[in-house]
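Here's a quick briefing to read with the structure open next to you.

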Amino acid sequence: IQADGKLVVAGSSISRFNTDGTIDNSFGNNGVIAGGNWYAVAVQANGKIVVAGGINNFEIARYNSNGTPDNSFSNDGFESTHIYEDPDADDIYYAGHARAVAIQADGKIVTAGDWHYSYRNTTSYFALVRYNTDGTLDNSFGQDGTLRSIYGYATSLVLQPDGKIIGGGSSEDEFQSANTSQGDFQLARYNQDGSLDQDFNGTGYQSTAVSSAYDIIQSLSFSNNRLYAVGHGKFPNDLGLIVRYLDLSGGALPLTLTRLAATSKIDGRMVSWTTENETNVKNYDLERSINALNGFEKITTVDALNKTLSQYDFLDNENLSAGIIYYRLKIYDADGKITYSKIVNVKINVGSIVRIYPNPAKEYISVLLQENVQNARLSIFNSEGRTVHRVANLSGNKFDMNISLLPAGIYTIRLIVGTNISVLTFIK
């Protein structure tokens, strides 16, 4: 958005709109500059417009406020930059393109995106390029103005008031994310020379699992000294995500969460998690969501053990309706920092058979259900599929049955509760 309120949009072309949404015919050719593969746009304080994108290279262009190319920028208003190549690997072509752009207070232009092996399509990295005001590469940044950084890919960029640079995107490889459904929100903070800022999370970067899969930041913003990351993920469907980081130190907590799982038990759902190297951790809030859309609620608080290896278990025995139940951890450290774990889920089926015992059996079996049911129907089938026993109008969560008259063999029990069907086998 320009200072006068006009809106500049960049994609396969560049367009400018008046404040009332009509096309601005004073810009370009009747409001449009045709062509390009642009992912980001920024407006300089002097009104000049910078766009960034590309296909195999970082491409950047600058236009005057009327849409004509700014010839004071790289002679013709356009610059293309090829990122780092390995001189010892002649058979590999390296590619990358810009996805974000920001203008520093000194007028230098920072772009962020990805760098990858185009022939292998299996590894991508955060990549940044900084340009001087005239379009030349800024040799004081990275390696001659370009920077290949951490694993993942950057889609967004924001500048701190002190000049440090924060890139945001995904921790997963660009080419694998859509197929493997992995990846977390990923942030990286850089000093003015392009080096990772070790004061940020101790490493210069941080990953945050927000949903259960394919998390990616699409936009970053500062407000009241807080950093906001906006993006999307899947838990279980495509959803928009917003994360607020409480300070600019990165927010990672002094532990490694090695396991988080939820499993169905006879008397509820067991949520278990394991951590390593807990130090200065205060407690965990275990949060639950019934449908993953209406938010999470705290169901218990567990104090941290602060040990080298810690194991936690909590049985959620609240009687819940059938469906998918979601869990996550809200983790607090003693300094007040908060972060969230990934989301795990477990499915509840009304009347599901949990266990048949004894199995193998001789004269009697007990059929144990996940919860109490009403008006259930139970059938036993032999190995040929013939019904050998049938009973209806069952109620409760445990049924004892006499099988002494059945010949030896393998049998299948089918339980029907409403529209839900569960099946389990036993041996006599």
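This is a predicted model: local features need pLDDT of at least 70, side-chain atom pairs count only at pLDDT 80 or more; totals for chains, interfaces and linings use all residues.

**Aromatic pairs**

- A pair of aromatic rings is described by two things, the distance of the centres and the angle of the planes.
- For Trp115 and Tyr125, the ring centres are 5.6 Å apart and the planes sit at 55°, so this pair is tilted.
- That pair links distant parts of the chain, with Trp115 in strand β9 (residues 109–117) and Tyr125 in strand β10 (residues 124–131), 10 residues apart.
- Trp115 and Tyr125 are both buried.
- Tyr411 and Phe426 have ring centres 5.5 Å apart and planes at 20°; planes under 30 degrees apart count as stacked, so this pair is stacked.
- Tyr411 belongs to strand β30 (residues 410–417) and Phe426 to strand β31 (residues 420–427), so the pair ties together parts 15 residues apart in sequence.
- Buried or exposed, Tyr411 and Phe426? Both Tyr411 and Phe426 are buried.

**Charges over rings**

- Trp115 turns up again here: the charged end of Arg148 sits over its ring, 4.7 Å from the centre.
- Over at Tyr39, Arg99 lies over the face of the ring, at 5.7 Å from the ring centre.

**An open four-stranded sheet**

- The order β12-β13-β14-β15 describes an open sheet of 4 strands with antiparallel pairing.
- Its edge strands are β12 (153–159) and β15 (205–208), each of which pairs on one side only.
- On average, and ignoring direction, neighbouring strands of this sheet are turned by 20° against each other.
- Between β12 and strand β13 (residues 165–170), the antiparallel pairing runs over 6 bridges.

**Nonpolar cores**

- The largest nonpolar core has 19 residues, and the ones that touch the most other members are Ile365, Val367, Leu378, Phe399, Ile413 and Phe426.
- Two or more residues of this core come from each of β28 (364–381), β29 (387–402) and β30.
- Which element gives the largest share of this core? That's β28, with 7 residues.
- Leaving out residues up to four places away in sequence, Ile365 touches Ile356, Tyr357, Pro358, Phe399, Asp400, Met401, Ile403, Ile413 and Phe426.
- There's also a second, separate core of 18 residues, and its members include Ala262, Trp273, Leu286 and Val302.

**Around Val271**

- Val271 sits in strand β20 (residues 268–276).
- Its relative accessibility is 0%, so Val271 counts as buried.
- Not counting residues up to four places away in sequence, Val271 touches Leu260, Ala261, Ala262, Leu286, Tyr312, Asp313, Phe314 and Tyr327.
- Among those contacts, Ala262 and Leu286 are also named in the second core.
- Val271 and Asp316 are 45 residues apart along the chain, yet their C-alpha atoms are separated by 7.4 Å.

Key
Residues are numbered from 1 along each chain as its sequence is written. Side-chain values use heavy atoms; hydrogens and water are left out. Two strands pair if DSSP finds at least two bridges between them. Axes are lines fitted to C-alpha atoms, for helices over the stretch in contact, and angles run from 0 to 180 degrees between N-to-C directions. Rings of Phe, Tyr and Trp (its six-membered ring) pair if their centres lie within 6.5 Å; planes under 30 degrees apart count as stacked, over 60 as edge-to-face and the rest as tilted. Buried means under 20% relative accessible area, exposed over 50%, partly exposed in between (1.4 Å probe, protein chains only). A charge sits over a ring if NZ of Lys or CZ of Arg is within 6 Å of the ring centre and within 35 degrees of the ring normal. Contact means heavy atoms within 4.5 Å. A nonpolar core is a set of buried Ala, Val, Leu, Ile, Met, Phe, Trp, Tyr and Cys residues joined through side-chain atoms within 4.5 Å.
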